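Colleague: I am new to this structure and would like to learn how to read its features one by one. Could you take me through them?

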Amino acid sequence: MDENQIIAELKGQGIDLVSAIPCDKAKGLFFRLPEEFRHIGLTREEDGVGISAGAYLAGARPLVAIQSSGLGNMLNAILSLTGTFGLPLPVLASWRGTEGEAIPAQIPFNRPLPEILAAAGIPCTVVSGPDRAGEIGGAVASAFRDRAARAILIPQEFFEGSACAGNAAEVTPVNPRPFSICYERDWRKPAMTRYDAIRTVAAAVTDQVLVSNIGVPSKELYALKDRPENFYMLGSYTQASSIGLGIATVRPDRHVVVLDGDGSLLGSSILPVIGAAAPPNLTIVALDNGVFGSTGNQPRPGGDTADLRLMAMAAGFAETWTVHEPWELEVALDTSEGRGPAFIHVRIRPGNSDVKNIPLGPLKIRDRFMAAVGKRSG
């Protein structure tokens, strides 16, 4: 199957943001995607679910392109984020593990993949022939029509003979970036709880877009300052900053602030993706209490060793801070606007406030957010 046919089908469906991890069987396609579409390179497939969710909420038509084994990493995020909020997510995948597969490890998950997806309630289109690129466009259209995830599996043999764009050493530009660091950590006794920190953020925002992490943080933000520009996560551990990246990419005119958690960020690979994408309008507020707060304050690994700010610096964030006091957080928030990607490491005390559940359903959260932030709602 010619990659030009695939690209034409995607453009015909208005796809304007592609998140991708390459597949060896479809080299030509994955070399071309960054040339033909706004593109975010991934290091883990499930981050594409959050990026696509944020992009759609902000008015884009996103797609994730991977090899089929990556769907195993995406299942929970697809069901708990895409499915819960009724969001479209076309996933274009080269289908590995079929007859003639040379790598044994590709077979156990990939060969029964259509049945696995069916059991999860995820519709699947298997392209029926190398001359049936039109089935790709039809499947993409159905994902947006139904506001649902749909996997599009292209058997690996259909890509045989696909033109590769060349040797990676020849086509990948080398952009040396000077980097020097003199870092001295100054961790003091935290003065705030998470509720105090979120109250500080809520008081500081005007027209900024807010994305809040799952569990108690979203409930605390709702109790402190509910507004349509807040996107409250109800599930999908590790996806808050991915959603923020998707929104910031599509809406460069809006400053996006993400309230993420230490456990969530340490469980994700999104920081280098954000550093590479370099959106100047994105600020990650990392609320670090050293525990898994929403599940009862169990200690997390690395509570007194892992330095989130240093990790963000190494990932390529343009501006970083570590703060302990409300006034320090206020200054960092004010300074970060337009200078991102920015990372504010907020060291806080463990503890959950006594707040009620959010009385809004996921579709209500989606629709009012899109009305306030998204450029289009279809």
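**Reading the surface and the interior**

Modeller: Let us start with Leu310, which has its place in helix α14, residues 308-315; please keep in mind throughout that this is a predicted model.

Colleague: Is Leu310 buried, partly exposed or exposed?

Modeller: Leu310 counts as partly exposed, because its relative accessibility is 33%, and that class lies between the cut-offs of 20% and 50%.

Colleague: How many residues of α11 are buried?

Modeller: Eleven of the eleven residues of α11 are buried, so this helix is largely enclosed by the rest of the structure. Among the buried residues of α11 are Ala240, Ile243, Leu245, Ile247 and Val250, together with Ser241 itself.

Colleague: Which residues of helix α9 are buried, and what do they pack against?

Modeller: In helix α9, residues 194-204, the buried residues are Arg194, Asp196, Ala197, Ile198, Thr200, Val201 and Ala202. The elements that the buried residues of α9 pack against include the helices α10 (216-225) and α15 (326-336) as well as the strands β7 (209-212) and β14 (342-347).

Colleague: How many residues does the largest nonpolar core have, and which have the most contacts inside it?

Modeller: The largest nonpolar core has 111 residues, and those with the most contacts inside it are Leu71, Ile136 and Val346. Helix α4, residues 71-85, gives the most to this core, with seven residues. As for Val346, the residues it touches include Met192, Ala197, Val285, Leu287, Val323 and Leu329, when residues up to four places away in sequence are not counted; Ala197, in turn, is one of the buried residues of α9.

Colleague: Finally, how many disulfides are there, and are Cys23 and Cys182 buried or exposed?

Modeller: The count comes to zero disulfides, where the rule asks for a pair of cysteine sulfur atoms within 2.5 Å. Cys23 counts as buried because its relative accessibility is 3%, whereas Cys182 counts as exposed because its relative accessibility is 83%.

Methods:
Residues numbered from 1 in each chain as written. Predicted model: local features only at pLDDT ≥ 70, side-chain atom pairs only at ≥ 80, totals over all residues. Heavy atoms only, no water. Buried < 20%, exposed > 50% of the residue type's maximum accessible area, 1.4 Å probe, protein only. Helix = DSSP H or I, 4+ residues; strand = E, 2+ residues; numbered from the N terminus. Contact = heavy atoms within 4.5 Å. Core = buried A, V, L, I, M, F, W, Y, C linked by side-chain atoms within 4.5 Å.
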